[in-house]
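Today I am opening my notebook on aromatic rings.

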Amino acid sequence: MKKQVPRIFVNKIDKIHNNKEVYYSYKDDNSEEVIPKEDITINEYDMQNKLNQLFRANDFIYKKKFHIKTKYGEGDYTIISKSYDYLLTINGEKIYINNIIDIY
């Protein structure tokens with residue numbers, strides 16, 4: 001019986017470039033916080049009524065695309081449900097109703 005362990009093949013590694021650049025998203029000092037450009041006041045009661053009319057439409061069954069303008073930006077979202085405080089998108093993102101400026 002042989003008492004030696006068989007040799008294994010090892011590739012030659014010239015240079016290792018690990019950890020030259022590291023990014024910490026939680027502790028990043030260079031990140032800019034999103035601050036609303038203008039403090040826009042919207043009547044939340046009117047926005048609730050507008051949302052109720054949009055969701056009561058005959059063509060809304062499960063999901064519907066809306067263009068939503070908020071205090072922090074605007075974009076196209078696919079809304080799947082409406083709560084009292086927020087809208088829920090298909091991506092799981094919450095859009096709070098008190099931040100919405102316009103929706104269509």
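**Notes on aromatic pairs**

I searched the whole structure, a predicted model, and the search turned up 2 aromatic pairs. I noted how such a pair is described: by the distance of the centres and the angle of the planes.

**Entry: Phe55 and Phe66**

I looked up Phe55 and Phe66, and their ring centres are 5.8 Å apart. Next I checked where the partners sit: Phe55 belongs to helix α1 (residues 44-55), while Phe66 belongs to strand β1 (residues 64-70). They are 11 residues apart, and the pair links distant parts of the chain.

The cut-off for buried is under 20%.

**Entry: Tyr86 and Tyr96**

I then turned to Tyr86 and Tyr96, whose ring centres lie 6.0 Å apart. With their planes at 70°, this pair is edge-to-face, because planes over 60 degrees apart count that way. Tyr86 is in strand β3 (residues 86-89) and Tyr96 is in strand β4 (residues 94-96). I counted this pair as a link between distant parts of the chain, with its partners 10 residues apart.

For accessibility, I noted Tyr86 as partly exposed at 23% relative accessible area. Tyr96 is also partly exposed, at 40%.

**Entry: a neighbour of Tyr86**

Which residue lies over the face of Tyr86? I found Lys94 there, at 4.7 Å from the ring centre.

Terms used: Residues numbered from 1 in each chain as written. Predicted model: local features only at pLDDT ≥ 70, side-chain atom pairs only at ≥ 80, totals over all residues. Heavy atoms only, no water. Phe/Tyr/Trp six-rings, centres within 6.5 Å; stacked < 30°, edge-to-face > 60°. Helix = DSSP H or I, 4+ residues; strand = E, 2+ residues; numbered from the N terminus. Buried < 20%, exposed > 50% of the residue type's maximum accessible area, 1.4 Å probe, protein only. Lys NZ or Arg CZ within 6 Å of the ring centre and 35° of its normal.
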